[in-house]
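Hi,

Here is the model I said I would pass on. Have a look at it first, and then read my notes below.

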Amino acid sequence: MTKTDTAIPQAPGPDAAEAREIRESDSGLVLQQVAQPGVGAAIWRRRLSPAFAEWIEGIPVGQLPALRALVDFRAVENCIHAACDRSGLPAGTMRDLLASDIGALALVFAQVVRNPLMHIRFEAVTTDACRRFHVDQMPARLLCTYRGPGTQFGLEDASGQVVPVGEMRAGEAAILRGALWPGMEITRLLHRSPPIAGTGQVRLFLALDPATEPPEVRRLH
């Protein structure tokens with residue numbers, strides 16, 4: 001168990017409802033359920049095909065694509081292909097499957113957050129980044145780890161400790177509520193990246209965040 005000294009708190013009222021539940025299914029339709037009352041995350045429990053898993057595990061680390069961009073969801077698939085071109089990952093059926101899958105996840109995410117613009121982060125991870133349980137400071141986030149161990153979930157108990165309540169496997173996709181999720185419910189479900197430093201493991205990690213306007217941006221009139 002882990003202390004939540006880095007968890008980002010929200011400011012609940014005395015009778016605020018809490019979002020703590022994890023919804024999960026082998027159907028992608030479950031991702032829409034993150035908007036239902038009390039739900040902190042929705043996980044699509046799917047498995048990579050053996051051929052795809054073998055292909056993605058066999059990619060040399062130096063050829064794993066990397067992309068950070070602000071894009072319309074309709075451009076995501078092409079952006080993944082462009083990132084693969086830059087990394088030297090050869091074109092082919094498996095690369096097409098990867099790009100089309102990320103494009104499909106971007107479409108679902110855009111529908112859930114009702115925003116066509118999103119920040120995409122797709123990259124290899126070899127450190128313990130975000131290793132402490134926390135709530136993201138944004139409305140929502142989509143996560144998928146295509147290679148390596150997936151995101152872990154926890155809930156704080158009465159003593160202030162985090163009790164693990166689940167984790168994701170490679171290929172599974174989830175939409176998580178953040179601290180800025182609209183409405184009166186307080187997000188209590190925490191998550192973290194799995195600690196992998198020193199293990200030799202490499203994660204190929206996807207995160208999609210809705211584009212939000214900075215609160216102090218000045219408008220031209």
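**Arg 46 and its surroundings**

A polar atom of the Arg 46 side chain lies 2.5 Å from the backbone oxygen of Gly 171. Bear in mind as you read that this is a predicted model. Arg 46 is in the loop between strand E4 (39-44) and helix H1 (50-57). Is Arg 46 buried or exposed? Buried, because its relative accessibility is 14%, and the cut-off for buried is under 20%. Leaving out residues up to four places away in sequence, Arg 46 touches Asp 101, Leu 105, Cys 144, Tyr 146, Ala 170, Gly 171, Glu 172 and Ala 173.

**The sheet**

Next, the strands. Seven of them form an open sheet with mixed pairing, in the order E3-E4-E10-E7-E13-E6-E5. Strand E3 (21-25) and E5 are the edge strands; each has a single partner strand, so one side of each has no neighbour in the sheet. From one strand to the next, the twist averages 15 degrees.

Leu 142 is opposite Leu 208 in E13. Helix H3 also packs on the sheet, where it touches E4, E6, E7, strand E10 (173-177) and E13. The direction of H3 makes about 165 degrees with that of E7.

**Helix H2**

H2 covers residues 76-87, which is 12 residues. From first C-alpha to last, H2 reaches 17 Å, close to the 16 Å expected at 1.5 Å a residue. Which residues of H2 are buried? They are Val 76, Ile 80, His 81, Ala 83, Cys 84 and Ser 87. These residues sit on the same side of H2, because they cover an arc of only 160 degrees around the axis. Asn 78, Asp 85 and Arg 86, on the other side of H2, are exposed.

What do the buried residues of H2 pack against? Their partners are strand E5 (67-72), helix H3 (93-113) and strand E6 (117-125). H2 itself lies across E5 and E6, and runs at about 155 degrees to E5. Just after H2 comes Gly 88, with a positive phi of about 85 degrees.

That's what I have for now.

Cheers

Key: Residues numbered from 1 in each chain as written. Predicted model: local features only at pLDDT ≥ 70, side-chain atom pairs only at ≥ 80, totals over all residues. Heavy atoms only, no water. Helix = DSSP H or I, 4+ residues; strand = E, 2+ residues; numbered from the N terminus. Buried < 20%, exposed > 50% of the residue type's maximum accessible area, 1.4 Å probe, protein only. Polar contact = N/O pair within 3.5 Å; in protein donor to acceptor, adjacent residues only side chain to side chain. Contact = heavy atoms within 4.5 Å. Expected span 1.5 Å × (residues − 1). Arc of directions from axis to C-beta. Pairing = 2+ DSSP bridges. Axes fitted to C-alpha atoms, helices over the stretch in contact; angles between N-to-C directions.
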